Amino acid sequence: AERIRQQPWSSDMVLVAVTGWGQEEDRYRAEAAGFDAHFVKPVDPLELMRRVSSIREARVASGPA
């Protein structure tokens, strides 16, 4: 995520970490790396879609970065 976020083409991307690690430190590290959300496996596909949609809507509402 860190490397992707350094690229100009990544500004509109929603990056989601899907992992088997779910401690608070794991969530913090995912956020610090540039992920927009962190999910612990198994992931509910509907919740994943809702979260991605919510992130995208918030970005549209806030305008260009």
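Colleague: Hi! Quick one to start: where does Trp-9 lie?
Modeller: Trp-9 is in the loop between H1 and strand S1 (16–19). Helices (H or I, at least four residues) and strands (E, at least two) are DSSP runs, numbered from the N terminus.

Colleague: And what sort of model is this?
Modeller: A predicted model, where local features need pLDDT of at least 70 and side-chain atom pairs count only at pLDDT 80 or more, while totals for chains, interfaces and linings use all residues. Residues are numbered from 1 along each chain as its sequence is written, and side-chain values use heavy atoms, with hydrogens and water left out.

Colleague: Thanks. Back to Trp-9: buried or exposed?
Modeller: Trp-9 is exposed, at a relative accessible area of 55%. Here buried means under 20% relative accessible area, exposed means over 50%, and partly exposed is in between (1.4 Å probe, protein chains only).

Colleague: Let's zoom out. How many helices and strands are in the secondary structure?
Modeller: Three helices and two strands. Read from the N terminus, the elements run α-β-α-β-α.

Colleague: What box do the C-alpha atoms fill?
Modeller: Roughly 35 × 25 × 15 Å, taken along the principal axes. Buried residues make up 18% of the 65 residues. The accessible surface comes to about 5200 Å², and 54% of that belongs to carbon and sulfur atoms.

Colleague: Now charges. How many salt bridges does a search of the whole structure find?
Modeller: Three. Each is a side-chain nitrogen of Lys or Arg within 4 Å of a carboxyl oxygen of Asp or Glu. Side chains of opposite charge can pair when their charged atoms come close.

Colleague: Which residue forms a salt bridge with Arg-5?
Modeller: Asp-36, with the closest N and O atoms 2.6 Å apart. That pair links distant parts of the chain, 31 residues apart: Arg-5 belongs to helix H1 (residues 2–5), and Asp-36 to the loop between helix H2 (24–33) and strand S2 (37–40). Both residues are partly exposed, Asp-36 at 28% relative accessible area and Arg-5 at 26%.

Colleague: What else meets Asp-36 in a salt bridge?
Modeller: Arg-59 does, at 2.5 Å from N to O. Again distant parts of the chain are linked, since Arg-59 is in helix H3 (residues 45–62) and Asp-36 in the loop between H2 and S2, 23 residues apart. Arg-59 is partly exposed as well, at 27%.

Colleague: Which residue forms a salt bridge with Glu-47?
Modeller: Arg-50, where the closest N and O atoms are 3.5 Å apart. Glu-47 and Arg-50 are three residues apart in helix H3, so about one helical turn separates them.

Colleague: How far apart are the end C-alpha atoms of H3?
Modeller: They are 26 Å apart, which agrees with the 26 Å its 18 residues should span at 1.5 Å a residue. The expected span is 1.5 Å times one less than the number of residues. H3 is followed by Gly-63, whose phi is positive, near 85°.

Colleague: Last topic, the strands. Where is Thr-19 found, and what is it in contact with?
Modeller: Thr-19 is in strand S1 and is buried, at 17% relative accessible area. Leaving aside neighbours within four places in sequence, Thr-19 is in contact (heavy atoms within 4.5 Å) with His-38, Phe-39, Val-40 and Lys-41.

Colleague: And what does Val-40 touch?
Modeller: Not counting residues up to four places away in sequence, Val-40 touches Thr-19, Gly-20, Trp-21, Gly-22 and Arg-27. Val-40 lies in strand S2 and is partly exposed, at 29%.

Key:
Accessible areas come from the Shrake-Rupley method with a 1.4 Å probe; for residues, only the protein chains shown count as cover.
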